[in-house]
Each structure stands twice: as structure tokens, then as C-alpha cells.
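Hi,

Here is the structure I promised to pass on. Have a look at it first, and my notes on the aromatic side chains follow below.

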Amino acid sequence: MAERFEADVVGIGHAGDGVVRVGEHTHHVPWTVTGDQIRVRAGEGSSLALVEVVVASAQRADPVCQHFGACGGCVAQHFDAPTYRSWRHDQVAAALRQRGFDDPPVEDVVAVAAGSRRRATLAWRTNRGQVDLGFRERGAHRIVAMTMCPALHPDIVARLGDLRGLAARLDAAGRLDVTRCDNGLDITVEQKREPTLAMRQAMGAFAEAADVARISWRAGQGGPAEMVIQRSTPVVTLAGVAVALPPAAFLQPSAAGEVVLQELVTAMLAGTRRVVDLFCGCGTLSLALAQRGQVLAIDSDGEAISALRAAGGAAGGRGLSIGLQTEVRDLFRRPLQGAELKGYDAVVFDPPRAGAAAQAAALAASKVATVVAVSCNPATFARDARLLVDGGFTLRRVVPIDQFVWSQHVEVAALFTR
């Protein structure tokens, strides 16, 4: 292969990269789109790196962010609207075809507006007094020092400078998990070293100055979070019910996308009265479903279940009808089995990105008649869908939801019946 040469982009891969064919080999080149004529250079191994776009495709659009092409948060701002919608649809359809679904019933993509993301994980690094804070470059450790982000909610963007100032008083490197709640920001500091007294004081001063609801600390992603300061309990409203959010709790990336999911799942389960909600978290779907029937909500996160239980009880005390039971259970180690589903009309499951193969297999072996699957990973969703269909279900509906705008991620909600 020559060091530099020109090539045509003939398609778009699932991660948003342009597809280039050289002889019998297929390569993926970031920041390109179908119809581009590009100049590339050989990278590491068999990879190709973009040198320049020689002739721009008619499917190309102007990015809306000055950081696009460096920041790894977005991969598709350069697609025009029809190309973007088609790519989103095909991310889901292609994953299903790879699992043997020849003509999957994938519907039009439901769009969520940009600027609505209420959650962000921002990395920081301090070098010679200079603090870079933002998302990392795609496939690299370098941090892009963000000054804007059209994907994030403006309330988070407005705090970027303040967050950079906070990071300057913490360890030399780490991450800030930032969530916009109904009553302010909820921030979890991730750094290897336990915060010193001076760092804790800095967090407290920042919370007061920036009107932050809570700041917590943990040593790494997924670990337990220790509250450092709480000025008010962070609250989010799920299906009209106020939920006190535990530190570092899972939440859908946008309130608008959350509503779309609630409406879709409720419609898919029309006519059912007793539902099991697996991997329920703090109740994104449970609280919507429990206002129209009986719900058993199960998750391994004890703090999330406690928050859901308290929210349901408080709503019931105010006269709202909430038919809710809860259980703490590791569904990866102990998936719910057929006998435990007796008496229930339907099951909803919304697992992490790794999917829930064991739970899908258990549902396939059960007698439950209706399953709704929600996923943020088309590949593991398709794998789990294959298990359900091989167990006797029919895949009726698949709806992509674009709530991770411009990123490589897409949400899916799907209906299975038998």
C-alpha cells in the first residue's frame, strides 16, 4: 500500500466512519461521508488516516461545533440530515441483520433535539498550571479543552469555566460526572487519590458559589461514591414523580428521550396489567407503568431501589395511584426464571451496554407472552433479540431513538410477542 493515495468513500460504518475499499480490504476513515473523494495515509497496522477531503460529497454538511474533528464526543456532525437519519436507522437494522433477521421491522428514527443532554463525563488534566477539561480525542488520551458543546444542555455548558476552576484545585487528572437535575447540578469527582481537606473545602466553596446541589467523590468509574457536600438533595422528575437521586446513579441522557421511552414502552404494553421491570434503576419506566397497573421493579443497585421505593411511597401518600413492588437482585448472576414470572403479563428489560444474554435466555424459556427490550447498544440488543426469537417470540416493532445526538450511540425500544 502506498504511503498516501486517494480513495472514494462508499458507505458509512456503524460507528459513523466512512467506508473505503482498497483491493479486497475494507477500511474505516473517521470524519468522512459517502461520496467523499479523500486523500489518506497509511496509519498503524492496516488503518488509514484522513489527510484531506479532495472533493466533498453532496451528503456533507457543515459541523455546528468548533471542536468537531478533534473532540471524540461527536462523530456525525458532518452528515446532512437525510444521511444522518439513514445512518441511525441502519445502525439498528444492520445489527439485526447480522443476527439473521432478514427484514427487521425497524421503524423511522425518533429524533431528540440537540442541546438536551443532561449528563456528561468530562475528563481533566493539569500540566504546568494549565487545566484542560472536556471530552477526549477519539481513540486517544488527549483532552480537548472544551469551550462549547451543542450536544449538552446549556446549563452544563455555562458551567464549563467554573468546572475547570474546580478541577485546578483537585488531583492532576481525573473526571467529573455532571448531571443536570431539577434543582441544580449533581457532580461526582473521580480521582485516584482520596480528596485532602483542602480539596474538600474547595468542593464546598465551589458548590456554594456555583449553586450546585451535591458533590461526591469516588476512586474510579463504577465504584461507590462518598458524598462530600450536599446543599440540597438532587431531584429528578420521572413520569411526574419526584425521585431523590442517589450519588452516581444511572439516568437517561436526556429528559426528552426519557419521555419518548416512557411513551413508547407504555404503548407497547397496552392491555397488560401486571409487568416486571428488570434493570429498573431509579424507575424511569417503572413509575410510568405503575400508574396504570402493577409493577415489580428489580435492580442490583440497592440505593436506586431505595430511591424508587421512597418516591413511589411519597407519590402514593399524595394520592397518586402507584402499584409498585421492588426487589434488589443481581440479574446477571440470578436472572428471573419462568416460575417467578407466573401471573405477570409482560416483562420490560433495560440492561447496561453489555446486554442481558442470561436474562433473555430465561425469558425465552418462560411462558410470558410479551417482552419489551430497551437498549443503548444495537449489537447486544440484536444478540438478545435472537435468543428471544429462537425461544418462540416474534419481533414486532423496533424503534430507534436518537437521544445521543451526533455520537455513535443510539437507543432502541422493541416489542416481542408470542
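Phe279 is buried in this predicted model, with a relative accessible area of 11%. Its place is the loop between β15 (274-278) and α6 (286-289).

You will find Trp31 in the loop between β3 (25-29) and β4 (37-42). With a relative accessible area of 18%, Trp31 counts as buried because the cut-off is under 20%.

Now to the ring-ring contacts. The count comes to four aromatic pairs. One of them joins Phe79 and Trp87 edge-to-face, at 5.5 Å centre to centre and with 85° between the planes. Tyr84 and Trp87 form a tilted pair, with 5.9 Å between centres and 50° between the planes. Tyr84 and Trp87 are three residues apart in helix α1 (residues 81-98), so about one helical turn separates them.

Phe79, Tyr84 and Trp87 together make one aromatic cluster. Phe79 is buried, as is Trp87; the relative accessible area is 4% for Trp87 and 11% for Tyr84, which is buried too.

Finally, two arginines to look at with the rings. Arg386 lies over the face of Phe101, 4.5 Å from the ring centre. Arg418 sits over the face of Phe393, at 4.0 Å from the ring centre.

Key:
Residues numbered from 1 in each chain as written. Predicted model: local features only at pLDDT ≥ 70, side-chain atom pairs only at ≥ 80, totals over all residues. Heavy atoms only, no water. Helix = DSSP H or I, 4+ residues; strand = E, 2+ residues; numbered from the N terminus. Buried < 20%, exposed > 50% of the residue type's maximum accessible area, 1.4 Å probe, protein only. Phe/Tyr/Trp six-rings, centres within 6.5 Å; stacked < 30°, edge-to-face > 60°. Lys NZ or Arg CZ within 6 Å of the ring centre and 35° of its normal.
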